[in-house]
Each structure stands twice: as C-alpha cells, then as structure tokens.
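Keep the structure open while you read.

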Amino acid sequence: MIGPYFFKNDEGNNDTVNGDRYRAMFTNFFIPELNNHNVQELWFQRNGATCHTARSTIDLLKYKFGDRLISRFGPVNWPPRSCDLTPLDYFLWGYVISLVYVDKPQTLDHLEDNIFRVTADIEPQMLEKVIENWTSRLDYIRASRGSHMP
C-alpha cells in the first residue's frame, strides 16, 4: 500500500496541500514507490480536488498514465460524488477513520502517527475484498444502465 504522505513546511509543521505540493509528492514519492513495486498497466484515479485537477497536474498525470487516467479533465471522466463507484469511499475510508480516531488524537502529530499505523496494518486480503466488492458494484451498475445501487 502506498501512502499516506504529509506535507511539511520548512519548520517541520504540517502544511496545506496545493497543486505544487501535490505534484512534488507525486514526482518525488509516488512515482518512485510505484517503480519499487514494479506496477504495470496501472489505472490511476483522482477526485475533483483542485490540486488534483490543476492543468499542470493533469498534464503530469497524463504524461505518466496516458489514457489510463480517471479524473476530472482526464481522458476518462469519473462521475463526481459517486460512492457506488469509488472503492475507498464505499468502505475503506470509514474503516480507517474509525481506527484513526479511536483514541481521539489531540495533535496533528498524534493524528499523523495514527494514520501511518492504521494504514500500515491493513492486510492485503482486506484490499482484495474491497476490490472484489467494487467489481461487483460495477457489474450491477453496468447491468442496470447506470442507476444507483439500492
């Protein structure tokens, strides 16, 4: 599993994500991690956050993933706010958040530590189940011609 990535300023404090920081993270962290895992033919999906959809960000993502980019302004336009089609929104984020906040972190450092610990503990079998469930939802939506799942 790749992530999470925290943006630090020169004083070592957490900083806001913007397009420049996102592109730096993508170039300096994400791509080397992908290369370490020898991932081939990866489809890459982003939501509509401004730092993900800035023209220079989309150009960088298109350069790396070509027509395998699913994003607003990308070659494959992903439907906004579609929890039926987004595997992380459907289950995984809720699971992670429930564990990250179990001890009510009071500082950003504590929150960061919890996020690293919880995401590192996610078993590959859980991720496989998330993808299996997502695939079955895609099949349902395809068969029902795009209607929402009950």
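## The kink in helix 1

Helix 1 bends by about 35°, with the kink centred on F26. The bend at a residue here is the angle between two axes, one fitted to the seven residues ending there and the other to the seven starting there. Helices are DSSP runs of H or I with at least four residues, strands are runs of E with at least two, and both are numbered from the N terminus. This is a predicted model, where local features need pLDDT of at least 70 and side-chain atom pairs count only at pLDDT 80 or more, while totals for chains, interfaces and linings use all residues. Residues are numbered from 1 along each chain as its sequence is written, and side-chain values use heavy atoms, with hydrogens and water left out.

How far does helix 1 reach from its first C-alpha to its last? The span is 25 Å for 19 residues, close to the 27 Å expected at 1.5 Å a residue; that expectation is 1.5 Å times one less than the number of residues. At the start of the helix, a side-chain oxygen of N18 comes to within 3.1 Å of the backbone nitrogen of D20. That is a polar contact (a pair of N or O atoms within 3.5 Å; within protein, one must be able to donate a hydrogen and the other to accept it, and residues adjacent in sequence count only if both atoms are side-chain atoms). After the helix comes N38, which has a positive phi near 50°.

## What helix 1 buries

G19, Y22, R23, M25, F26, F30, I31 and L34 are the buried residues in helix 1. Buried means under 20% relative accessible area, exposed means over 50%, and partly exposed is in between (1.4 Å probe, protein chains only). These buried residues pack against strand 1, helix 2 and helix 3, with contact meaning heavy atoms within 4.5 Å.

## Two nonpolar cores

A nonpolar core is a set of buried Ala, Val, Leu, Ile, Met, Phe, Trp, Tyr and Cys residues joined through side-chain atoms within 4.5 Å. The largest one has twelve residues, including Y22, F26, F44, C51, F65 and L69. Helix 1 gives this core its largest share, six residues, and helix 1 and helix 3 each supply at least two. Apart from it there is another core of seven residues, with V96, I115, V118 and I122 among them.

## Three salt bridges

A salt bridge means a side-chain nitrogen of Lys or Arg within 4 Å of a carboxyl oxygen of Asp or Glu. By that rule, there are three. D20 pairs with R23 at 2.5 Å, N to O. Both sit in helix 1, and because they are three residues apart, about one helical turn separates them. D20 is exposed at 56%, whereas R23 is buried at 18%.

K129 and E132 make another salt bridge, at 4.0 Å from N to O. This pair is also three residues apart, about one turn, in helix 6 (residues 124-143). K129 is exposed at 53%, and E132 is partly exposed at 48%.

R68 and E41 form a salt bridge too, with their closest N and O atoms 4.0 Å apart. This pair links distant parts of the chain, 27 residues apart: R68 is in the loop between helix 3 and strand 2, and E41 is in the loop between helix 1 and strand 1. R68 is buried at 19%, while E41 is exposed at 62%.

## Two buried threonines

T57 is in helix 3 and is buried, with a relative accessible area of 1%. Not counting residues up to four places away in sequence, T57 touches G19, Y22, R23, C51 and H52.

T53 is in helix 2 and is buried at 11%. Beyond its neighbours within four places, T53 contacts N47, G48, I58, S71, R72 and F73.

## Positive phi in the loops

F73 is not a glycine, yet its phi is positive, near 70°. F73 lies in the loop between strand 2 and helix 4 and is partly exposed at 49%. K104 also has a positive phi, near 50°. K104 sits in the loop between helix 4 and helix 5 and is exposed at 62%.
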